[in-house]
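Morning, everyone. Please have a look at the sequence and the model before I start.

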Amino acid sequence: MAPAFLDVLGDTIDEGVALVRASRADFVRAGIEQVYTRRPAPPWIHALHGGDAGAWRMLERAQRVAYETVLAPVWPQVQHLHRAAFTRHALAVAARGLGAALADLTPGSRLRDAVWEWPLPGGAQDVREVRLGGRGLILRPTFHWRSGPLIQDLPDRPVAFAYPASRTLPPLPDGDHALDEHLSRILGRTRLALLRSLDEARTTTGLARRIGVSTATASAHASALRAAGLLTTTRTGRSVHHERTALAELLLAGAADS
């Protein structure tokens, strides 16, 4: 496994390289020591946590060559597959809740009181606990790792969960109309219309006018969508505004791209 400081969330290769370079020295040292506990590390790798400019330039060149050789030729396909995987997950969360969606990704696991419990190979009594504690959970469907899921659980950072993308939920329906019908069955037509109307932040009254329902009805549907993690509500004085979450954006983007 690669050192944890190389595992960043940049949208571009330039951003990713910059985030790796900005890693704290103690974080770099801990990652290197973890990987090279049983074999000696090359001198230039040891020089990284000392801030040696030449060592960091060598690492950046290696990252860029790996990206251009392995990922760049297939990057559009990878992005498409990622979006499809996240859309399936968004549908599962909206339909059955986060705990059930996570259990789909890792059969046998369960989410209980913000603790994700994993069965270990040793037997029914062997369980690993991942305490989320409000840190957040990053899902990383991968197309180059075919074995079991990998968890990165570091203090004061979101828990990162990498899993083979081919083991996600069943395929998305074919065509815009089919997926729209699928979303309607899960969310209801009014709630789906409400989500679609949040192309910008809107008040409850504005939502009601936009989709043609009463303010009370719009408020009730907004509460249900908020409970499903699909919108957030903020209050400024006497004004209340609703916005789509990233999960809702992924769900609707999947519908638009299918």
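First, the ground rules. This is a predicted model, where local features need pLDDT of at least 70, side-chain atom pairs count only at pLDDT 80 or more, and totals for chains, interfaces and linings use all residues. Residues are numbered from 1 along each chain as its sequence is written, and side-chain values use heavy atoms, with hydrogens and water left out.

Now the overall picture. The protein has 11 helices and 9 strands. Those are DSSP runs, numbered from the N terminus: helices are H or I with at least four residues, strands are E with at least two. Of the 258 residues, 34% count as buried. Buried means under 20% relative accessible area, exposed means over 50%, and partly exposed is in between, with a 1.4 Å probe and protein chains only. The accessible surface comes to about 14900 Å², by the Shrake-Rupley method with a 1.4 Å probe. Carbon and sulfur atoms hold 55% of that surface.

Next, the sheet. Which order do the strands take in the open sheet of 3? The order is β4-β6-β5, with mixed pairing. Two strands pair if DSSP finds at least two bridges between them. β4 (137–142) and β5 (150–152) stand at the edges. Each has a single partner strand, so one side of each is left without a neighbour in the sheet. Neighbouring strands here are turned by 20° against each other on average, direction ignored. For that angle, axes are lines fitted to C-alpha atoms, and angles run from 0 to 180 degrees between N-to-C directions. β5 pairs with β6 (residues 159–164) in the antiparallel sense, over 3 bridges. Gln152 stands opposite Ala160 in β6.

On to the loop between β1 (110–112) and β2 (115–119). Asp113 has a positive phi, near 55°. Ala114 has a positive phi too, near 65°. Is Asp113 buried or exposed? Asp113 counts as exposed, because its relative accessibility is 73%. Ala114 counts as partly exposed, at 41%.

Last, the surface. Val70, Leu71 and Val74 make a nonpolar patch of about 220 Å². Nonpolar side chains are joined within 5 Å, like charges within 9 Å. Leu71 sits in helix α4 (residues 53–71). Leu71 is partly exposed, at 34%.

Key. Patch = residues over 30% accessible without salt bridge, like charges linked within 9 Å, V, L, I, M, F, W, Y side chains within 5 Å. Salt bridge = Lys/Arg side-chain N within 4 Å of Asp/Glu carboxyl O.
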